[in-house]
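Please keep the structure open while reading.

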Amino acid sequence: MMDLSSINPVVLVASLMVAATPILLAAIGELIVEKSGVLNLGVEGMMITGAICGFIIAVESGSPVIGFFAAALGAALLSSIFGFLTLVLLSNQVATGLALTLFGLGLSALMGQGYIGIKAPTTSPLNFGVLGDIPLIGRILFSHDWMVYLSLALIAGTWAFLKFTRAGLVLRAVGESHDAAHALGYKVIRIRLLAIMFGGACAGLGGAYLSLVRVPQWTEGMTAGAGWIALAIVVFASWKPWRVLLGAYLFGGITVLQLNLQAAGATIPVELLSMSPYIITILVLVIISADRRRAALSAPADLGKPFHATS
Amino acid sequence: MIRLEKRPSPSKVWTYATPVLAVVLTMLAGGILFAILGKDPLEAIRTIFWDPLFHPQFSGFSRPQLLVKAGPLILIAIGLSMGFRAGIWNIGAEGQYIVGALAGAAAGLALYPSESVLIFPMMVIAGALGGWAWAMIPAILKVQFRTNEILVSLLLVYVAENLLASASVGWLRNPEGGGFPGSRSLSGWDASSNPELIAGTGMHWGVVAGFIAVIFAYVVMSRHLLGYHIQLAGQAPRAARFAGVNPSRLIIMCLGISGALAGLAGLFEVTGPAGQISIDFNAGYGFTAIIVAFLGRLNPIGILLAGMLMALTYIGGELAQFMLALPAAAIQAFQGMLLFFLLGVDVLSNYRIRIGARETA
Amino acid sequence: MKLKSLLTSAALAAGLATGAAAQDTTTVGFVYVGPVGDGGWTYQHDQGRLAVEAAYGDKVETIFQENVPEGPDSERVMTQMALAGADIIFTTSFGYMDATNAVAARFPDVKFEHATGYKREHPNVATYDARFYEGRAVIGTIAGHMTETNKIGYIASFPIPEVIQGINSSFLHAQKVNPDVEMSVVWVYTWFDPAKEADAANALINNGVDVIMQHTDSTAPQAAAQAANEAGGRVFTFGQASDMSNFAPSPRIASIIDDWAPYYVKRVGMVMDGTWESGHSWGGMPEGEVVIGPITEEVPAAVKAEAEAMIAAITDGSYHPFTGPIMKQDGSVFLAEGEVATDVQLVTMDFYVQGMTGEIPQ
């Protein structure tokens, strides 16, 4: 007999928001990169680099906020290596992205050697006063730290940017057809480089959220595959910002739920629970892509193709 | 003003010269990294690139190890390269590698302790089928529902890892192992073992399979209709359709071949060098093979060489770690740099660098 | 090694060495499964390596390799270490078991020590492990006293005997001081994934658990508990593998530390004086291999005294944490009144004791 009454759905939602924030941040950055027509598989490497840059600077400065800035900057710098190789030297994006992950994992471990076992300065939840005491909604909406809200703002901002601004239109045009965009006089390479660095910065923030808020400590390889999940979320979301939010929260939600089910003593085989986030993500994906109307494949047409101005 | 001008066809000279240039550049940049870490750069680079091949004390052992390490990488990369050429992105070879090993091991262990000579061949077939079946999931989903294969194959890696864990602590656990995780020893059971074929060479059935795969891929890509279809689909999808290429069949073929080869690699590994199913049996070969495939420029011979080069940096890196106390992270960063340079200088074989103002055409 | 012996002779000639006889440098190799920077399992083994260096100074040279995957890579690394002149090699992960024995067969003059395994196929292979369940008995006792919700949680990695021993030991002792206690076990199916460990801790806390034990190495559960406490909760944790004193005095109220230093120093010494022999060592509190870190003032004095008494009793051998009567979960007898579990019974443990809910994943 299962007694699952000890699982509190409100608390569950509040904790899935925290659990999903790193992949949400990384995924929204990668979405912009892919919208510009570039596939960067180095998200894991940029996240872990952000995790250590943010940690070092937060510890040294005592301020997590400065740490997060450093994380964004460090990971954006790393991503510019990718940008230089793929955009200027026209190297293969898939292979360069994988190399970036390898390099990032090594580099971060080297940088972090003196920072093992140290505690990071705390990032506290924002205080919303009475709002936090509203039943249900208070706990879900008004109990988090500022990065959770920033990640939500980034989703909204990205959506508005792509939908309403001219720059967003140009970015999408570059991703759909770089040759046409180039013919219209847009600086394809410059736009893509900016997109890549924005993606790097977001991934860095996601990594730093792990090392500064969620874990919070530095250990080698601590992202443990979160970057790959972020990549999966982007495809899952069919390159739409709000669906990135949905995908990340769904994935985070199932992960948190399966652990809660175990803690509550549910008699479901553990290995089944443990693989459930991946299986359910695949199933949802199949359902989405099976819908013919929506499946006018929303992937940017020039995704992953190298651009070389011939004229 | 520096700009690039596309060559009509890749430069022959640069195709051979760029890898050498990349290695030299990596030695320079890596040397700086090692010097920053307080190590003698020359000694470090000699240890990584030279000692595994020629050190009087180690090379006798480490030279054959190159094949052991490169074998699975080459086998998997060959399969992946065919799909990559057609624009079919199987990123989940790691999962197919695991499931191949699991299927092969399960098939063999079901007949334990028989000593029939048919067991090993049957396990090989089961391994290939296991990897193939795991790759068929993204293939069929893509054909039926247009589901993105990058995502599905990648997510299935995590599912496979969970299967592996539950096999090691549950359904494949050695009943005589006193509750410890891990299957019976497959390398220690004569009927299932994949031993070194010629003593002191590191050559086992997996390496043989790797070489056969290289030849097979070379023939298919250059002489067979399938190879022509693959190249056409990758370069001009629309033209391919007019030429009678059936995209669904191509997806099934490419994912099937790469899955089966990854499954084979897993099977040869679990019956040979690894020896048994264990929780941490997979060591990332499926991901490294993607890099190998691209380093080899998706060309079978190139993949053979790229696999050997990767293996060299792994083995040399290990030597450097304990001889010079270089941290593993430095080796990882060094490998990353090598890849950056290899990928970066490739531009020279496909483009000419022009300095000066653009001529008016 | 040759260069080192030259240096040693030079040092001898200069009259720096105190020993009477000229001694070769002993080279000690370590093979690690994780990075030295994992802050847990591998970190503690590396502390042991440093202790060997500190104890013998110039007479030893230590070499190590981190992040060595189990399987063929480990076999190669061990072979290369043996070729490099290592006199003794410690292989510090269960998955190195077959590789250790295979390499040992090829290098009969090199000593091999394999952690947490049981295979000793050659006279130059020894095995060693630590009785972590002794420490778990102590923190289980503290947990039983400290819980107010009568729910204690356990973050477990994989269902293998060592982990199951830990769960049973802590539950038995919590139950002894608090008959109403219940234990929730969350299996995370990983040794190392800080984010998942944090989620697991939160899941336990959300389900009413107020004391968390962990068999994974990161401090993520400690941080989760601290965050819950800052939000007005009352959750306690125990440091695992290393002391995790950053989270003292609360939520971390004690810790269970792996200390390999005494064993490594002893065994390297035996290699030096030629008395090394194969065998299995399963040390615990008496040998100083399992240490309970400082118990903080959050723990009432009476409870602390009880825990310290138990540490003393285990250390002097008068108390064994698995002493009957103990029933299995299905109600059958595991140990009769007064019976003490044998080592074989412990290392093959694959069942929960009576009172545990849930099932061990199979």
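The points below take the chain interface, then the domain interface.

This is a predicted model. Chain A and chain B bury about 3,800 Å² between them. Domain 1 of chain C and domain 2 of chain C bury about 620 Å².

**Chain A against chain B: extent**

- The contact involves 44 residues of chain A and 39 residues of chain B.
- Carbon and sulfur atoms give 80% of the buried area between chain A and chain B.
- On the chain A side, Leu102(A), Leu110(A) and Ile282(A) supply more of the area buried against chain B than any other three residues. Their share is 15%.

**Chain A against chain B: polar links**

- Between chain A and chain B there are 0 salt bridges.
- Polar contact across the interface of chain A and chain B comes to 1 residue pair, with both residues at pLDDT 80 or more.

**Chain A against chain B: what lines the chain A side**

- Four helices of chain A each supply at least two residues to the side that touches chain B: H3 (64–88), H4 (93–111), H10 (226–236) and H12 (270–290).
- H4(A) gives the most to that side, with 13 residues.
- By class, the chain A side that touches chain B holds 31 nonpolar, 11 polar and 2 charged residues.

**Chain C: domain layout**

- The domain assignment places residues 2–130 of chain C in domain 1.
- Domain 2 of chain C is assigned two segments, 132–257 and 290–347.
- Taken over C-alpha atoms, the centres of domain 1 of chain C and domain 2 of chain C lie 32 Å apart.

**Chain C: the domain interface**

- Here 7 residues of domain 1 of chain C are in contact with 7 residues of domain 2 of chain C.
- Of the area buried between domain 1 and domain 2 of chain C, 58% is on carbon and sulfur atoms.
- Within domain 1 of chain C, the residues that lose the most area to domain 2 are Trp41(C), Gln44(C) and Ala130(C). Together they account for 59% of what the domain 1 side buries.
- The count of salt bridges across the interface of domain 1 and domain 2 of chain C is 0.
- The interface of domain 1 and domain 2 of chain C has 2 residue pairs in polar contact, both residues at pLDDT 80 or more.
- Helix H2 (41–56) and strand S5 (125–130) of chain C each supply at least two residues of the domain 1 side that touches domain 2.
- The residues on that domain 1 side of chain C are 2 nonpolar, 4 polar and 1 charged.

Note on methods
Residues numbered from 1 in each chain as written. Chains lettered and ligands numbered in written order. Predicted model: local features only at pLDDT ≥ 70, side-chain atom pairs only at ≥ 80, totals over all residues. Heavy atoms only, no water. Domains from an automatic or database assignment. Contact = heavy atoms within 4.5 Å. Buried area = accessible area lost by both parts, 1.4 Å probe. Salt bridge = Lys/Arg side-chain N within 4 Å of Asp/Glu carboxyl O. Polar contact = N/O pair within 3.5 Å; in protein donor to acceptor, adjacent residues only side chain to side chain. Nonpolar A, V, L, I, M, F, W, Y, C, P; charged D, E, K, R; others polar.
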